[in-house]
Amino acid sequence: MASRRAHEGELLLGEWACLGILAAAPAHGFAVAALLRPEAEVGRVWSMSRALTYRSLDQLVDRGLVHAVATEPGIAGGDRTVLGPTRSGRSRFRTWVTSPTEHLRDLRSEFLLKLVLAERSGIDTSSLLLAQHRLVEEQVERLDAVVGAARRPDAVALWRSESAHAALRFLRRLRPQ
């Protein structure tokens, strides 16, 4: 995961994961961290340590995208703060989760995370799948043209072309009929 943001208002993937989990249902940090363990529902796509999860939640609170909605008794003493998305957080999440992933290299992480989080939140992904399919189709055409025009095999261009074709097959299998 990149530690720097390209733009100040941009969220890191781990922050999107936390926001998406909370958009499905308010929860305390420990419960969010449990869903981000490598073997857990969301963690099988994007996993984070408990420390990084709490840091991401703090960032979301600082940005006004998440706020405390309740407290509940903790198991080992002390109260746990239950967090939920603000109106702004919910709106930003819905926009992000329904927008196609721009780069092929991010399909494995960002796009799969969007699908998992959308399903958890009950968000229909048919428009997302269609938009992603169109975008990858365009990328396949461009990459195939580059590979076809090369005098000798370019390993990087060929890899990108083959990866794009695999992504397109994957999207065709997911698309609603």
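Which residues have the most contacts inside the largest nonpolar core? In this predicted model, the largest nonpolar core comprises 29 residues, and those with the most contacts inside it are Val-32, Leu-36, Leu-60, Phe-93, Leu-113 and Leu-117. At least two residues of this core are supplied by each of helix H1 (13-24), helix H3 (50-62), helix H4 (87-97) and helix H5 (107-121), and the largest share, 8 residues, comes from H1. When residues up to four places away in sequence are not counted, Val-32 touches Cys-18, Ile-21, Leu-22, Ala-27, Thr-53 and Leu-57. A second, separate core holds 12 residues, among them Leu-107, Leu-129, Val-140 and Leu-168. In soluble globular proteins, nonpolar side chains tend to be buried together.

Helix H6 (residues 126-149) has 24 residues, which at 1.5 Å a residue should span 34 Å, and its end C-alpha atoms lie 35 Å apart, in agreement with that expectation. The buried residues of H6 are Leu-128, Leu-129, Ala-131, Gln-132, His-133, Val-136, Gln-139, Val-140 and Leu-143, and these buried residues pack against H4, H5 and helix H7 (155-174).

Note on methods. Residues are numbered from 1 along each chain as its sequence is written. This is a predicted model: local features need pLDDT of at least 70, side-chain atom pairs count only at pLDDT 80 or more; totals for chains, interfaces and linings use all residues. Side-chain values use heavy atoms; hydrogens and water are left out. A nonpolar core is a set of buried Ala, Val, Leu, Ile, Met, Phe, Trp, Tyr and Cys residues joined through side-chain atoms within 4.5 Å. Buried means under 20% relative accessible area, exposed over 50%, partly exposed in between (1.4 Å probe, protein chains only). Helices (H or I, at least four residues) and strands (E, at least two) are DSSP runs, numbered from the N terminus. Contact means heavy atoms within 4.5 Å. The expected span of a helix is 1.5 Å times one less than its number of residues.
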